[in-house]
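Reader: I have a few questions about the words used for this structure. Could you set each word against its rule?

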Amino acid sequence: MKKHSARVAPLSACNSPVLTLTKVEGDERSYDCTTPAEAQTQAGMEAGGRGSPCCQTCSMVQLKKIFWGVVVVLGVCSSWSGSTQLAKLTFKKFDAPFTLTWFATNWNFLFFPLYYIGHVCKSAEKQSPQQRYGECCRFFGDNGLTLKVFFTKAAPFGVLWTLTNYLYLHAIKKINTTDVSVLFCCNKAFVFLLSWIVLRDRFMGVRIVAAILAIAGIVMMTYADGFHSHSVIGIALVVGSASTSALYKVLFKLLLGSAKYGEAALFLSVLAVFNILFVTCIPVILYFTKVEYWSSFDAIPWGSICGFSVLLLTFNIILNFGIAITYPTLISLGIVLSVPVNAIVDHYSSDIVFNSVRVIAIVIIGLGFLLLLLPEEWDEWLIKLLTRLKVRKKEEIPEGNGDIVSGLQNKSRRTRPSMSSFTH
């Protein structure tokens, strides 16, 4: 069997759950029965007999991926909703969203060390840290990670990363976490629109519908609170965060393409280095100008800040590297499930009002997000499935009619008098 190398683009900022671009190059279909339609057809052909070893192996692999998918979904949902709630809790005692963004981004430096530990534990051909670093640096070009490459290929994404997270965390101060989390799901619609325009990706009508639903959901979410200035500013901040994160993803795809796991881990660690070297001055300036001021370091809630950072680091690890053990769609489902989790927490911990407009807006945005998860071949799979179902019905009807006709013939033979009865 031909081996394949998975390539991912490290596109998820701290609070950017739909930024990861997953791509598997090489032998993407390791087994023949990978698509649902093909699996159903082969299962029908082998009905009544023993399945082939290939199909049995395929079933085991799929079951294993689904099992790990459930684990990953729970991990994504808990870490994403937990970090959002901890950020809301932190701002009650520590009103400094940019400083919190800077502090949490510094934890990304652990990506490459954690990846190297996994490489040593799992890889058969173990390399030294210098060798592994040298291999991963090829992602930036033939000359590796030079100063020029650092400023041209890493620094712009570091700025977008920081801006995305700051806008998101600042929005949490203005509006409830339910609205923030569901509005940020519109990011995927923005990614599609930018990819369609800039990257010339395939046009899909269902994704246009999803983008329209996302925009309608934003308008309805704004209307849910009566267009108050406080809520409008918060919604604008979330939409801005979703837009910058979508720009991050599209630019990464346009300029850098995709990356292997080690290259992705190194890139994320490089963003942390950029944050330490060039962004540190901003929290210092905000502190001395008293824009983000705290009385003493003892008054800082280090427990919630560190917990927030750990959850975000866990979230990004699962989001970027969970594709190694399960399907990308299952990972994205964890993000959708975090919305009702945040809604339940907000219902008991805040004065949020779930009126009909807000509920409809949440449902519309969630539906648009799910439509964007459909694969590009979904229409072909659906047509093939419907065609096979029609063929199967046509095959069953003649067989049923044949049984009825044969039964009537047998009955007529039993009731028809023989010629001998008339002669005698």
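Reader: Why are α5 and α11 called roughly perpendicular to each other?
Author: This is a predicted model. In it, the axes of helix α5 (residues 129–137) and helix α11 (residues 261–279) cross at roughly 90°. Angles of 65 to 115 degrees count as roughly perpendicular, so the two helices α5 and α11 get that name. Their axes come within 9 Å.

Reader: Which residues of α5 and α11 meet?
Author: On the α5 side they are Tyr133, Cys136 and Cys137. On the α11 side they are Gly262, Glu263 and Leu266. Contact here means heavy atoms within 4.5 Å.

Reader: What makes Cys136 buried or exposed?
Author: Its relative accessibility is 3%. Buried means under 20%, so Cys136 counts as buried.

Reader: How do you know whether the sulfur of Cys136 is close enough to another cysteine sulfur for a bond?
Author: The closest cysteine sulfur belongs to Cys137, and the distance is 7.3 Å. A disulfide needs the two sulfur atoms within 2.5 Å, so this pair is too far apart for a bond.

Reader: What makes the rings of Phe139 and Phe140 an aromatic pair, and of which kind?
Author: By the rule for ring pairs, the count comes to 31 aromatic pairs. For Phe139 and Phe140 the centres are 5.3 Å apart, and rings pair if their centres lie within 6.5 Å. The planes are at 70°, and over 60 degrees counts as edge-to-face, so this pair is edge-to-face. Both Phe139 and Phe140 are buried.

Reader: Which cluster do ring pairs link?
Author: Phe139 and Phe140 belong to it, together with Phe157, Trp161, Tyr248, Phe252 and Phe267.

Reader: Why is Tyr287 called partly exposed, while Phe288 has another label?
Author: The relative accessible area of Tyr287 is 21%, and that of Phe288 is 66%. Under 20% would be buried and over 50% is exposed, with partly exposed in between. Tyr287 is therefore partly exposed, and Phe288 is exposed.

Reader: What makes Lys290 count as lying over the face of Tyr293?
Author: Lys290 is 5.3 Å from the ring centre of Tyr293. The rule asks for a distance within 6 Å, together with a limit of 35 degrees from the ring normal. Lys290 counts as lying over that face.

Conventions. Residues numbered from 1 in each chain as written. Predicted model: local features only at pLDDT ≥ 70, side-chain atom pairs only at ≥ 80, totals over all residues. Heavy atoms only, no water. Buried < 20%, exposed > 50% of the residue type's maximum accessible area, 1.4 Å probe, protein only. Phe/Tyr/Trp six-rings, centres within 6.5 Å; stacked < 30°, edge-to-face > 60°. Axes fitted to C-alpha atoms, helices over the stretch in contact; angles between N-to-C directions. Helix = DSSP H or I, 4+ residues; strand = E, 2+ residues; numbered from the N terminus. Parallel < 35°, antiparallel > 145°, perpendicular 65-115°, else oblique.
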